[in-house]
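Dear colleague,

Here is the structure that I promised to hand over to you.

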Amino acid sequence: MVNTRTPLIAGNWKMNLDHLQSIAFVQKLAWSLKDAKHDYTAVEAAVFPPFTDIRSVQTLLDADKLELGLGAQDLSAADSGAYTGEVSGAFLSKLDVRYVLVGHSERRTMHAEDDSVVAAKVAAAHRHGLVPVICVGETADDLEKHGASAVPVAQLHAALAEVPSSAEIVVAYEPVWAIGSGQAATAEQAEQVCAALRSALVEIVGVDAAAATRILYGGSVKAANIASFMREPNVDGALVGGASLDIDEFASIVRFPHHVGT
Ligand code: PGA
């Protein structure tokens, strides 16, 4: 399989930064990357702000012709109707949102999203022209009982149950024990599971689509460890939580090809 995948660095802000803060943040991030002459065709960068910030960030990206990508952190499985508090993928695509996280471990655990909910949300994203960033990963307990790959691979199979193999997706491998813990997986661990996920994709969507699909690693990614992950053949970027809230740190992660000796 020839690797033609453009790396993607995705910043998951979680429930941080209000809409005013988001404007200042995105402006500074874009300036910082511009100063560094960042080539977005070589490494794509995207921010995933809270829903209430999206319109402001969209307006800024559009007005200043910024090349940062825009993602949302969740969407409803339904398109419209009596779903108080939910946000439709239709609304997100109207705001030029390109990506949407689906099945983040915080939603799986705190909002009881099981594999069938995740599959329905992946289908909803596809219906509305959004690219789902499908998050999979094992807990520390799963790791002990089943090894690293079994749970993420099973979650990926389930997530893709309702979409055609032509659907564009991004996969994010995030071991739950590595999220927000400061304890990132090693590059070898990440590669092992990302390779298993790619093999699963070959079965599910075929060789060509599997070769074209980006698989990210997430879980305590920082400027100091990104280069080691990106050296692995099956790791095509990162989903970054905590470190995406620090402009210099996130810009440095985006600029990983310039890191030397890490
Ligand atoms: P972290 O979060 O980078 O803070 O570990 C990653 C994530 O939850 O996507």
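Does leucine 17 count as buried, exposed or partly exposed? At 24% relative accessibility, leucine 17 counts as partly exposed, where buried means under 20% relative accessible area, exposed means over 50%, and partly exposed lies in between, with a 1.4 Å probe and protein chains only.

Before going further, please note that this is a predicted model, in which local features need pLDDT of at least 70 and side-chain atom pairs count only at pLDDT 80 or more, while totals for chains, interfaces and linings use all residues. Residues are numbered from 1 along each chain as its sequence is written, and side-chain values use heavy atoms, with hydrogens and water left out.

Backbone angles

Most residues other than glycine have a negative phi. Leucine 17, although it is not a glycine, has a positive phi of about 75°, and it sits in the loop between β1 (8–12) and α1 (19–35); helices (H or I, at least four residues) and strands (E, at least two) are DSSP runs, numbered from the N terminus. Lysine 37, also a residue other than glycine, has a positive phi near 55°. Lysine 37 is placed in the loop between α1 and β2 (44–48), and at 71% relative accessibility it counts as exposed.

The ligand

Of the 13 residues around the ligand, those that come nearest are Lys14, His104, Glu174, Gly180 and Ser220, where a residue is near a molecule if one of its heavy atoms lies within 4 Å of it. An oxygen atom of the ligand is 2.7 Å from an N or O atom in the side chain of lysine 14, and an oxygen atom of the ligand is also 2.7 Å from a polar backbone atom of glycine 180. For glycine 242, the distance from a polar backbone atom to an oxygen atom of the ligand is 2.8 Å. On its own the ligand has 280 Å² of accessible area, and the protein covers 95% of that, as computed by the Shrake-Rupley method with a 1.4 Å probe.

Aromatic rings

The structure holds 4 aromatic pairs; rings of Phe, Tyr and Trp (its six-membered ring) pair if their centres lie within 6.5 Å, and planes under 30 degrees apart count as stacked, over 60 as edge-to-face and the rest as tilted. The pair of tyrosine 217 and phenylalanine 229 is stacked, because the ring centres are 4.3 Å apart and the planes are at 20°. Tyrosine 217 lies in strand β7 (residues 214–218) and phenylalanine 229 in helix α10 (residues 226–230), so this pair ties together parts that are 12 residues apart in sequence. Both tyrosine 217 and phenylalanine 229 are buried, and ring pairs link Tyr173, Tyr217 and Phe229 into a cluster.

Cysteines

How many disulfides does a search of the whole structure find? The search finds 0 disulfides, a disulfide being a pair of cysteine sulfur atoms within 2.5 Å. The sulfur of cysteine 135 has its closest cysteine sulfur in cysteine 194, and the 12 Å between them is too far for a bond. Cysteine 135 is buried, with a relative accessible area of 2%, and cysteine 194 is buried too, with a value of 0%.

Note on methods
Polar contact = N/O pair within 3.5 Å; in protein donor to acceptor, adjacent residues only side chain to side chain.
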